[in-house]
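The following exercises concern the arrangement of chains in a model and the contacts between them. Please work through each task before reading its solution.

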Amino acid sequence: MNQFELEMAVSRLNLSYANCIDDDRLEEWPSLFGDPCFYGITTRDNVIQGMPGCIIYCDSQGMLKDRISALREANIYERQRYRHIVSMPVRVRLDGALVRSETSFAIYRTVRNSPTELFAAGCYRDELSLHSGGELKIARREVVCDSPVFDTLLAIPL
Amino acid sequence: MNQFELEMAVSRLNLSYANCIDDDRLEEWPSLFGDPCFYGITTRDNVIQGMPGCIIYCDSQGMLKDRISALREANIYERQRYRHIVSMPVRVRLDGALVRSETSFAIYRTVRNSPTELFAAGCYRDELSLHSGGELKIARREVVCDSPVFDTLLAIPL
Amino acid sequence: MNQFELEMAVSRLNLSYANCIDDDRLEEWPSLFGDPCFYGITTRDNVIQGMPGCIIYCDSQGMLKDRISALREANIYERQRYRHIVSMPVRVRLDGALVRSETSFAIYRTVRNSPTELFAAGCYRDELSLHSGGELKIARREVVCDSPVFDTLLAIPL
């Protein structure tokens with residue numbers, strides 16, 4: 001793959017990721033990751049200060065699936081949907097069989113019968129594994145939110 | 001066209017669509033559609049519940065032109081402009097001479113002398129007809145808004 | 001470069017531009033411009049009315065660097081970060097050794113310990129110079145903000 005194709009492939013993965021969350025096909029979400037993997041949510045302040053801790057993290061497909069099961073079964077949170085606007089990826093580079101990239105996002109939330117509101121903005125810092133046929137899986141996704149102010153309930157994946 | 005080129009062609013149509021609305025070249029907007037065509041605005045709740053009704057719909061270029069004429073002549077709405085941020089398209093697939101795709105959008109509105117505000121987020125669910133030379137026209141665009149809360153006056157196209 | 005490659009090259013420049021601002025690598029920002037160059041911030045109303053004046057403008061790399069130095073040294077503004085969401089470029093055309101294009105943006109601002117908020121939306125109207133190896137530099141960037149309502153302190157570049 002040349003650089004154009006690589007950027008388009010990363011973009012396509014990001015769009016599929018956003019689309020399965022926004023369309024509430026959450027059961028597809030773990031399949032976009034490798035196994036083992038890393039999925040963590042942190043803040044820009046944490047990253048700037050070099051603090052490795054995450055507010056939420058998962059390190060296997062099983063943990064990702066557990067998050068979705070819990071969300072489906074508990075179902076105590078107010079009904080809501082996200083809308084991801086993801087930009088094209090930046091700083092995309094192939095490093096062996098791993099693609100490193102960063103992608104800015106804005107997420108809007110619509111709680112039933114209310115106007116849509118901005119929920120979070122930030123960037124994905126990713127390591128993607130390149131498989132045969134050009135398919136990419138998420139080996140590591142760090143979701144870096146710009147604001148440290150969070151809804152207490154991060155039920156739906158960012 | 002390969003898959004990359006197809007996605008870029010859909011993206012380009014979406015950007016032209018957004019650009020003619022945002023730049024107030026609304027008279028160009030109907031020419032992006034085929035004739036007959038379908039343009040309808042609905043909500044995510046309607047789509048989830050399988051309700052086919054649309055808040056607004058047009059099924060010919062003539063009806064699209066009428067909307068723009070009415071908007072230009074009546075001109076009773078407060079002066080305002082939109083800014084579309086459209087993502088790259090997702091689920092893009094060629095089905096005969098028809099391209100199916102979905103594209104997430106956020107629309108910001110600026111009413112004269114006020115700060116810019118989020119107006120709507122949602123997705124376009126499209127069927128695009130592929131013409132010779134690779135040109136795409138909108139055969140069907142369903143504008144699915146995330147929130148059921150609308151401004152009473154949807155004057156400018158979404 | 002064909003049209004696809006040209007659009008991807010413009011997109012890549014826009015993403016690098018956004019990324020160096022959002023990651024606070026502001027010292028890299030002037031290097032994305034040619035020298036001499038033009039960087040100006042204006043409003044949609046000014047553009048519609050054909051008024052050439054800009055709220056802020058720089059016409060050399062030196063002036064761009066001065067802006068960053070002043071921002072770093074004065075440092076009296078409240079700590080804040082931007083997040084740019086830039087769309088793909090539209091109306092991209094090669095005109096001799098100059099690429100003309102327009103790109104819509106939304107900028108979110110996060111002031112320390114506060115939620116992220118929309119700061120500005122608008123579009124970049126650009127003239128980019130095409131150098132050997134396909135590298136693009138900004139010859140002229142007019143930042144057209146949709147709203148005339150501005151924070152008094154436009155410290156960080158838009």
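Contact means heavy atoms within 4.5 Å. The model is predicted: local features need pLDDT of at least 70, side-chain atom pairs count only at pLDDT 80 or more, and totals for chains, interfaces and linings use all residues. Residues are numbered from 1 along each chain as its sequence is written, chains are lettered from A and ligands numbered from 1 in the order in which they are written, and side-chain values use heavy atoms, with hydrogens and water left out.

**Exercise 1.** Determine how many residues of chain A are in contact with chain B, and how much area the two chains bury.

*Solution.* Begin with the contacts: 28 residues of chain A touch 26 residues of chain B. Next, take the buried area, which is the accessible area (1.4 Å probe) that two parts lose on being put together, summed over both. For chain A and chain B this comes to about 2100 Å², with 56% of it on carbon and sulfur atoms.

**Exercise 2.** Identify the salt bridges and polar contacts across the interface of chain A and chain B, and the elements that form the side of chain A.

*Solution.* A salt bridge requires a side-chain nitrogen of Lys or Arg within 4 Å of a carboxyl oxygen of Asp or Glu. By this rule the interface holds 4 salt bridges; one of them joins the side chains of Arg12(A) and Glu7(B) at 3.0 Å, N to O. Turning to the elements (DSSP runs numbered from the N terminus: helices, H or I, of at least four residues; strands, E, of at least two), those of chain A that give two or more residues to the side touching chain B are helix 1 (3–22), strand 3 (80–86), strand 5 (98–111) and strand 6 (117–130). Helix 1 of chain A supplies the largest share, 9 residues.
Polar contacts are pairs of N or O atoms within 3.5 Å; within protein, one must be able to donate a hydrogen and the other to accept it, and residues adjacent in sequence count only if both atoms are side-chain atoms. Between chain A and chain B, 10 residue pairs are in polar contact (both at pLDDT 80 or more).
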